[in-house]
Amino acid sequence: MTELSIGQEVELEYGGKATVAGVIGSGGQGTVYLVDYNGMKWALKWYDISKMKDPAAFKNNIKKNISDGAPSNKFLWPRYLTKDMPDGTFGYLMELKPESFDSFVDILNTYRLRVDPLTGRAVKEPVRFTDLKAMVTAVINIANAFRQLHRAGKSYQDLNDGGFFINVDTGAVLVCDCDNIAPDGANFGIGGKPGYMAPEIVRGLAKPDVQTDKYSLAVVLFKLLFRGDPMEGEKVIKDVCLTEAAELKHYGAEAVFVYDPDNTTNRPVRGIHDNVIKFWRMYPDYIKDAFIQSFTAGLTDPNKRIIENEWQKLFVRLRTEIISCTCGRTNFTSMFEKQDSTTYRCPKCGMTFATLEFSNRDYRMPLYIGSKFYECEIDDNSDDFISVAGELVENKLKPGVLGIRNCSERSWNVKMPDGKYYDVLPGKGCPIWQGLEIDFGGVTAKI
Amino acid sequence: MSKKKKDSSPEQAANTQETAQAAADTKPADDFDDMFDFDDDPLGATGVSRKSLVIFFLIDTSGSMKGTKMGELNTVMEELIPEIRKVGEADTEVKIAVLTFSTDVKWMYSEPIAIEEFEWARLSASGVTSMGAAFKELSARMSRNSFLNSPSLSFAPVIFLMTDGYPSDDYKEGLKELSSNSWYKFGLKAALGIGNEANDDMLAEFTGNKDTVVHAYSGNQLAQMIKIVAVTASQIGSKSMTLSDQNDAELSDEDVYAAKQKMLGQQIQELVNQNDSDDVSFDTGW
C-alpha cells in the first residue's frame, strides 16, 4: 500500500488538495490520516487496496454513498473522494469526530489511554456515562441510526464496537466507518468483526445484509447495557484458548446465549463476567426478553430478530422508567419497590413516587422532579425522542407544589383541582393532583 | 478447568469447603429482599472482560549478537512497544514476555507484563546459543499454571524467535518437547534469521512453515523485519479470525485450522517483498 507522509498533498476528485498533517489510526482496511483541506481539519481514510477484492467497485459504492448523502446527522459520512494514486490507491474525506465524543471501545473499557508523545508512557483516564438517562439515550440513538439507514435501503455490514462515538454526557451518537455501507443485498468484501457477526456469516452461509445487521445491532446494544459478550459464558471459557475452530463453534453453529432460558450450559462465570451477572438482575423483563429473543430464536432465524423500531420503543420505555430519587439513588423502576399498583417506593430512603398513566401504552411513568416525557410519547405519529414535551417541575412561586410544565409547542387540555378543564399553553403548566387528566390532542394521560 | 473460577490460589482452595457452606447459608439470589443488598448502580460497570494475548519474544543473546545487531535490536524493541500497544483495543489485553538465550536461558521479567506497563530492559550479548534449552523453558512456561494463567479466554500466543546462528545444544530435543505443547501448536509462530549464519530451514522447523521465516542481512533490515513480524503477528493474534470468506458451503474445522498462521505467512511475505532494502550487509565490510 502507498503510505502517506506528513506534508504530502493528496488531490481530490472534484478539485483541491488535502495536506496530510498526521496519523489518527489504522485498521484492517487502511489508515486514517488527519488532513488540512480548505482551511479546515478533516479525516482522510486511505485504503490498502491490496487487501480489497475489487477496489473499483468499492470506490464506486463510496461515490454513490457520497451522492446519496447521510441518512441523518448521526453518521460521519464520506464527503469527498480523492483521485487515485498511480498505483490505484485512493481514499475519502470525512468530518472529524468532535472532541466531546468518546469511542465505544473506550466506553466498554471504562477508560481511555492518553499517551505522552515524548515518553510513550500511557495514562488511563476514566470514561463513563454521566447519568443513566444519557446511557439509555445512547442506545435509543444507536437503534434509531440503524433504523434510518435501513429505511434508506442500505446495510452497514460491519457493525462493531469500532463503529461508534458517543457523548457520555448526552447520549448523542455518531456512527463512523460508513465506507462499507452498501445497498441491501450488495457486499463489497467485508465480512464483519467476530463476536458481532451473525452466526450465518461466521459459518460461511451468508453475506452481510440488513438481517445480519440486526443481529450485530443486538450485540452492540447488549454490550453497551450489560458490558459483556452475549455468547461468552462457561461453555466458551472451558475451551481456555480461543482457536479458530473454537470461534467457529462458539460464534457459529453452536452459539448459545449466556441467558438462554432453555439452555444453561453457557451461563456467565463469576469473576470473569461479573458485569453481565450484575446487570441481568437489574433490567426489567421486557428488555431481557428482547435480548433472549434476539439470541435464541433470532440466532438461527433472521426473521425473529428484533427490528430497530421495536428496540427504539423498548428503550424509550426504559428511559421513561428511570427514577432519580432525591436520596441520590437513580435506577430503573424494576429496582424500586411497588407500594401499590400506581406508586413506587425507594428501597433506600422510603420516598414514594406517583405515576402517570398514558392512553397509548400499558406502563406508567414515575413522577419525580426532573422527570420528562418526549414528543414521541404524546404523539403517535412522532419519531422525535429528543424534544422534551413535558417536565415535572416545582412551582417557582409556590415552593413545594409540583406540576407538569408544557414544553411542547401545542396547547393541552387539563382537568385542574377545581374539577374544570383549562387550556394549558406552551410554557405554562398544571399542578399534579389525584385526578389530574391531560389531553395532549389524541393521546391522554391521567394520575 | 476448575469450577471455582476466581479462587484458584492454593490457600483459597483450602477454604473451599467453608466457602461452599457459607454460600449454602445465604438466601437465593432472586429473593426480592436480597435485590437491594448488592451493588445496584446501573452505571457501575467494570471494563468488559477481555481476551488475553501473550506475545513471547525468544531472543538470541549469544556472543555473536554483540555490537550492531544487539544495538539495533534493543533500539527497535524499545520503539516497537508503543506500536503494539495500539493493537489490542477493547477486545484484547496484550502482554509481553521476553526469553533470552545464550549460555543460560533467562526471562526478562518473572511473568508476562501488560503492554501498557511494559518497559524494555536493554539486553547485552555473550556466551553460546542454548536454543534447545530455550524451547524447553518456553514449553514449561506456556501453561495454564504458569504464564498463561488468565482466568478469562486467551488467544493462542504469538511466539517470535530471533537468532543469528546455529544452536550449540540439541535444539531438536527441545523442539520435540515444545511441539507437544498445545499452546505452541495453536500459537502464531514467526522467526527472524539475522546475518548469514542463521539457518532458515531450522527456523522453519520451529515455525512450521517457510512463509513465517524472514531474514535480515543488515541493520536496517533487522529493524524493519522485527517491526513487520511483531506488529503483523500481534495484529492477527489479538483479533478474532474473520472466518467467512465468501464460501457458499458451511465452514468446517479443517477450513479454519491454522487460518491465522496462514494469514500471518501471507502478510509477512507481502510486506517483506515491499521492503527489499539494499544497504550494507551485516557480514561484509568488516
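**View 1. Strands E22 and E25 of chain A, side by side.** Strand E22 (residues 402-406) of chain A pairs with E25(A) in the antiparallel sense over three bridges; two strands pair if DSSP finds at least two bridges between them. Look for Ile404(A), which stands opposite Cys430(A) in E25(A). Strands here are DSSP runs (E, at least two residues) and helices are runs of H or I with at least four residues, numbered from the N terminus. This is a predicted model, in which local features need pLDDT of at least 70 and side-chain atom pairs count only at pLDDT 80 or more, while totals for chains, interfaces and linings use all residues. Residues are numbered from 1 along each chain as its sequence is written, and chains are lettered from A and ligands numbered from 1 in the order in which they are written.

**View 2. The open sheet around that pair.** Four strands of chain A line up in the order E20-E21-E22-E25, with antiparallel pairing. At the edges are strand E20 (372-374) and strand E25 (429-431) of chain A, each pairing on one side only. From one strand to the next, the twist averages 20 degrees.

**View 3. Two packed helices in chain A.** H3(A) and helix H5 (residues 210-226) of chain A pack at an angle of about 170 degrees, with their axes 10 Å apart. Axes are lines fitted to C-alpha atoms, for helices over the stretch in contact, and angles run from 0 to 180 degrees between N-to-C directions. H3(A) is therefore roughly antiparallel to H5(A), a term for angles over 145 degrees. Among the contact residues are Ile142(A) and Phe146(A) of H3(A), along with Leu217(A) and Leu221(A) of H5(A). By class, the contact has ten nonpolar residues, one polar and one charged. Nonpolar means Ala, Val, Leu, Ile, Met, Phe, Trp, Tyr, Cys and Pro; charged means Asp, Glu, Lys and Arg; the others, Gly among them, are polar.

**View 4. Where domains 2 and 3 of chain A touch.** An automatic or database assignment sets the domain bounds, giving domain 1 (9-96), domain 2 (104-312) and domain 3 (322-446) of chain A. Eight residues of domain 2 of chain A are in contact with six residues of domain 3 of chain A, contact meaning C-beta atoms, placed from the backbone, within 7 Å. Helix H3 (residues 132-151) of chain A gives the most to the domain 2 side, with four residues.

**View 5. Chain B against chain A.** The contact takes 44 residues from chain B and 49 residues from chain A. On the chain B side, H10(B) gives the largest share, three residues.

Methods:
Contact = placed C-beta atoms within 7 Å. Parallel < 35°, antiparallel > 145°, perpendicular 65-115°, else oblique.
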